[in-house]
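Subject: Structure handover

Hello,

Here is the structure for your set-up work. My notes follow below it.

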Amino acid sequence: MINFANHKYELKAMKLEHLTIVNYKNIREADLDFSRNVNCLVGNNGMGKTNLLDAIYYMSFCKSFNNVTDSQVISHGEEYFMLKGLYELNGMEEDIQCGYKSKSKKSFKRGGKEYKRLSDHIGLLPIVMLTPSDSILLTGGSDERRRFIDMVISQFNKPYLNALIRYNGALQQRNILLKQDPPCTDMSLFSICEEQMDFYGQQIYAARKSFVEEFTPVFQEFYHKISLNREEVSLTYTSHFDNGSLIPQLNEVRSRDMALEYTTRGVHKDDLVMMIGDHAMKQTGSQGQNKTFLVTLKLAQFDFLRRMGDTTPILLLDDIFDRLDGDRVEQIIKLVASSRFGQIFITDTNREYIDRIIGQLSDSYKLFGVKNGEYNILSEK
């Protein structure tokens, strides 16, 4: 159990010290130095608060948080974007630079040396980000919840990411066979794909199952803290591998899959069932409960990555106080203002909440005003 009053984290250093941005969404040009602890951004909607967080996210995951194409993040009327970050990573400086020019290959460099594979960069700079669009975890399909699980595990488990890539390759080949006209009659071709799906799927299943088992108690502790023990919540992982090997299951549904032209069994259909009491969150949760659920997921994700990984993640919190009652806001402010979360970037349109966080901080901070993609320091310590 987590003792929120007394629990202390032994943080491993990972800080974003400086970020240079050119032509990223509405940020034409910015050179920003950040606090090692809390960085607050305040301004109206559409001014560039979230875009700054997205640029930081891009530096870690080699893509935008919103999964838009690289060409779509280039500022309107420009042909390229560039991001350059200076990090402190376990006592050493890390220089990360990336860029993209229209109709060209994306470039990602560490210490001036370009990566051969972008997947080699994933996990170096762990990030946990919460934005209003995360509500799709509750309202969307199972693919959104699988993506959440995969994003967490991939940041500390390289073999898992490799297994995902291999599995998806085998799945793609099986789907190609299913769509052939006339139908493929060489069952040995299906067997090759299905054996690979079973082999790599077992690895994915085991990692996801272990993750959910370890993650859920931490998630529940955070939720109880924020909600003042008003509600009970749970997470349950479901998979076709709960029924054993995938191979006989794929044999059983092959004829139907050929009619549908896609594969209906496998870890690509797994789900994370999110419950409040005896009911699904997506069906019965109020706006405040949904927001509490999402905030708690991300705080628990941070705690999990901190314990499992080599470095403390950076926490990016975008507009987290909307639709929450005063009690829940107060509990989140206490958590965010504590020293357990390392470097934090937090945005809000409401200066009141930001000032309340700053007022409880014993560590350093910077408060930025944001307008039309430009950032000005309003106060700092």
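First, confidence: pLDDT is the predictor's confidence in each residue, from 0 to 100. This is a predicted model, so local features need pLDDT of at least 70 and side-chain atom pairs count only at 80 or more, while totals for chains, interfaces and linings use all residues. Numbering starts from 1 along each chain as its sequence is written, and side-chain values use heavy atoms, without hydrogens and water.

The chain averages a pLDDT of 91, and 97% of the residues score at least 70. Over residues 1–11 the pLDDT is below 50. Beyond near neighbours in sequence, that stretch has 22 contacts in the model (heavy atoms within 4.5 Å).

The chain holds eleven helices and 15 strands. These are DSSP runs, numbered from the N terminus: helices are H or I with at least four residues, strands E with at least two. The C-alpha trace spans about 70 × 50 × 35 Å along its principal axes. Of the contacts with a separation of 6 or more, 72% join residues 24 or more positions apart.

Burial next. Buried residues make up 54% of the 381 residues (buried is under 20% relative accessible area, with a 1.4 Å probe and protein chains only).

Which helix did I look at? Helix α1, residues 49–61. Twelve of its 13 residues are buried, so α1 is largely enclosed by the rest of the structure. Among them are L52, L53, I56 and F61. Just after α1, C62 takes a positive phi of about 65°.

Regards

Technical notes: The expected span of a helix is 1.5 Å times one less than its number of residues. Buried means under 20% relative accessible area, exposed over 50%, partly exposed in between (1.4 Å probe, protein chains only).
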